[in-house]
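This report describes one protein chain from its fold to its side-chain contacts. Please read it with the structure open.

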Amino acid sequence: MSLSNDFFVISSRAAQTILQVFQKELQDLDVTPVQYEMLLCLMQDGNCSPTYLANYFGLEGSTITGILDRMEKKGFVYRERNPYDRRALRIVVSEKGWSIGADLLAASEKANRIVEEKLGKEDAITLKRLMSKIYKEQ
């Protein structure tokens, strides 16, 4: 079997290419793709605990802590005690985080358009549908 025909190699390289397009669109906002995804989650779901985020993203707690540390240093989020359980922390989107929300979505839309242009509209729709099917079966 040739590596160029291996599903895992092809999907990994395609994902890398798509990620690079997205990174380029986010760079002026000083946000990484994982930080983008985490900010969107926090904006949609409200204040979440680090444990919730680790479970939601399927990441280790230490990985989430590192991501949150960098996001806090950039001023996008802050940690506070949960008023209902003082032993627990929750992550809150800061004013700065909220202020770039529209720009984050615009960057995502632009990156999606760039990838769609490479594939063509019909193939892009098919690829999204197939990737969603694989992802949802986990």
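The model is predicted: local features need pLDDT of at least 70, side-chain atom pairs count only at pLDDT 80 or more, and totals for chains, interfaces and linings use all residues. Residues are numbered from 1 along each chain as its sequence is written, and side-chain values use heavy atoms, with hydrogens and water left out.

**Fold**

The protein chain has seven helices and two strands. Read from the N terminus, its elements follow the order α-α-α-α-β-β-α-α-α. Helices (H or I, at least four residues) and strands (E, at least two) are DSSP runs numbered from the N terminus. Along the principal axes, the C-alpha atoms fill a box of roughly 55 × 30 × 20 Å. Of the 138 residues, 30% count as buried. Here buried means under 20% relative accessible area, exposed means over 50%, and partly exposed lies in between (1.4 Å probe, protein chains only).

**Salt bridges**

Side chains of opposite charge can pair when their charged atoms come close. A salt bridge is counted when a side-chain nitrogen of Lys or Arg is within 4 Å of a carboxyl oxygen of Asp or Glu. The whole structure holds six salt bridges, including those in the table.

| Salt bridge | N to O distance |
|---|---|
| K110 and E25 | 3.6 Å |
| R79 and D69 | 2.8 Å |
| R79 and E72 | 2.3 Å |

K110 and E25 meet in a salt bridge. This pair links distant parts of the chain, with K110 in helix α6 (residues 101–119) and E25 in helix α1, 85 residues apart. K110 is partly exposed at 39% relative accessible area, whereas E25 is buried at 17%.

R79 also pairs with D69 through a salt bridge. Because R79 lies in strand β1 (residues 77–82) and D69 in helix α4 (residues 61–73), the pair ties together parts that are ten residues apart in sequence. R79 counts as partly exposed, with a relative accessibility of 24%, and D69 is partly exposed as well, at 39%. Salt bridges with shared partners join D69, E72 and R79 into one network.

**Largest pocket**

A pocket is found on a 1 Å grid over the protein atoms alone, as an open set of points where a 1.4 Å probe fits, with protein on both sides within 12 Å along at least five of seven lines; lining residues have an atom within 4 Å of a point. The largest pocket contains about 1600 Å³ of space. It is lined by 35 residues, and those closest to its centre are A15, I18, K128, M131 and S132. Elements that give two or more residues to this lining are α1, α2 (33–45), α3 (50–57), α6 and α7 (121–136). Helix α1 supplies the largest share, ten residues. By type, the lining divides into 22 nonpolar, eight polar and five charged residues. In this division Ala, Val, Leu, Ile, Met, Phe, Trp, Tyr, Cys and Pro count as nonpolar, Asp, Glu, Lys and Arg as charged, and the others, Gly among them, as polar.

**Surface patch**

F7, F8 and I134 make a nonpolar surface patch of about 380 Å². Such patches consist of residues with over 30% relative accessible area and no salt bridge, with nonpolar side chains (Val, Leu, Ile, Met, Phe, Trp, Tyr) joined within 5 Å. F7 lies in helix α1 (residues 7–26) and is exposed, with a relative accessible area of 51%.

**Single residues**

Most residues other than glycine have a negative phi. D30 has a positive phi of about 60° although it is not a glycine. D30 sits in the loop between α1 and α2 and is partly exposed at 44% relative accessible area.

I64 is placed in helix α4 and is buried, with a relative accessible area of 0%. I64 and M38 are 26 residues apart in sequence, with their C-alpha atoms 9.6 Å apart in space.

L89 belongs to strand β2 (residues 85–93) and is partly exposed at 31% relative accessible area. The C-alpha atoms of L89 and G46 are separated by 13 Å, and the two residues are 43 apart along the chain.

Methods: Patch = residues over 30% accessible without salt bridge, like charges linked within 9 Å, V, L, I, M, F, W, Y side chains within 5 Å. Areas by Shrake-Rupley, 256 points an atom, 1.4 Å probe, with all protein chains shown as cover. Points joined across faces, edges and corners; volume = space filled by probe spheres on them.
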